[in-house]
Amino acid sequence: MKRRSFLKLLAVLPTTALTAGLHEVQAGLFRSPVRTNHLRPPGAVAEEVFVGKCIRCGRCVESCPYHCIDLLDIRHGVHAGTPLIAVADIPCYLCMRCVEVCPTGTLQPVAQEATRMGTAVINKFTCGAWLGLALCRTCYDACPFKEKAIVLRELMPIVIREACTGCGLCTHACPITAPDQTKAINIEPPTKGAAA
């Protein structure tokens, strides 16, 4: 390689690395914070609309008697100031007060049993009941809609997806925590456009 070609290559490399770094930062500014066990409050509009509709007034946080709703900080880019519930830490008790005080309709009125914040998913490879190691029924006992959203079949919990509210009471109560900090039962966010 000639010296001139080598110098041109050196000049281009930092620019390429800088550009790639900027793209990653920009992507992070717009990446939704909703993920496993981190969900929007009940009645939330679709995530694609949420960030533009929420005025970040904090009324949902102030109205929650269980202190389960937190406002995201500046590290979350355009989602900063919007509400999120970390259900493994403090689940949603479906009191629906946040919905009542939302001034913009970002959190829309919905019946408790019709709420779809997400869906519980049992990890059969870590669940004590599914592994046959324990007669655990903690998730079943914690569910406010047992025999509708979660049932026991041969002493093993089974989630009925269509009836699960995604409140996270089962996840919060689960005594098993995997090395990756997930539980044996976790709440997966709704698919695009399906929040309620």
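Which residues does Arg40 touch, not counting residues up to four places away in sequence? In this predicted model, they are Pro33, Val34, Glu47, Phe50, Leu72, His79, Thr82, Pro83, Leu84, Ile85 and Met117, where contact means heavy atoms within 4.5 Å. Residues are numbered from 1 along each chain as its sequence is written, and side-chain values use heavy atoms, with hydrogens and water left out. Because the model is predicted, local features need pLDDT of at least 70 and side-chain atom pairs count only at pLDDT 80 or more, whereas totals for chains, interfaces and linings use all residues.

**Overall make-up**
- The protein chain has seven helices and seven strands, these being DSSP runs numbered from the N terminus (helices H or I, at least four residues; strands E, at least two).
- Along the sequence the elements follow the pattern α-β-α-α-β-β-α-β-α-α-β-β-α-β.
- Of the 196 residues in the protein chain, 38% are buried, a term that stands for under 20% relative accessible area, with exposed over 50% and partly exposed in between (1.4 Å probe, protein chains only).
- Among contacts between residues at least 6 apart in sequence, 67% join residues at least 24 apart.

**Surroundings of Arg40**
- Arg40 lies in the loop between E1 and helix H2 (47-53), and it counts as buried because its relative accessibility is 5%.
- The side chain of Arg40 makes a polar contact of 2.9 Å with the side chain of Thr82, and it also reaches the backbone oxygen of Pro83 at 2.6 Å.
- A polar contact is a pair of N or O atoms within 3.5 Å; within protein, one must be able to donate a hydrogen and the other to accept it, and residues adjacent in sequence count only if both atoms are side-chain atoms.

**The open sheet**
- Three strands form an open, antiparallel sheet in the order E1-E3-E2, with strands counted as paired if DSSP finds at least two bridges between them.
- Strand E1 (38-39) and strand E2 (69-71) are the edge strands, each pairing on one side only.
- E1 pairs with strand E3 (residues 83-86) over two bridges, and His38 has Ala86 as its bridge partner in E3.

**The largest nonpolar core**
- This core has 39 residues, of which Leu107 and Ile185 touch the most other members; such a core is a set of buried Ala, Val, Leu, Ile, Met, Phe, Trp, Tyr and Cys residues joined through side-chain atoms within 4.5 Å.
- Beyond its neighbours within four places in sequence, Leu107 is in contact with residues including Pro41, Phe50, Cys60, Cys98 and Cys102.
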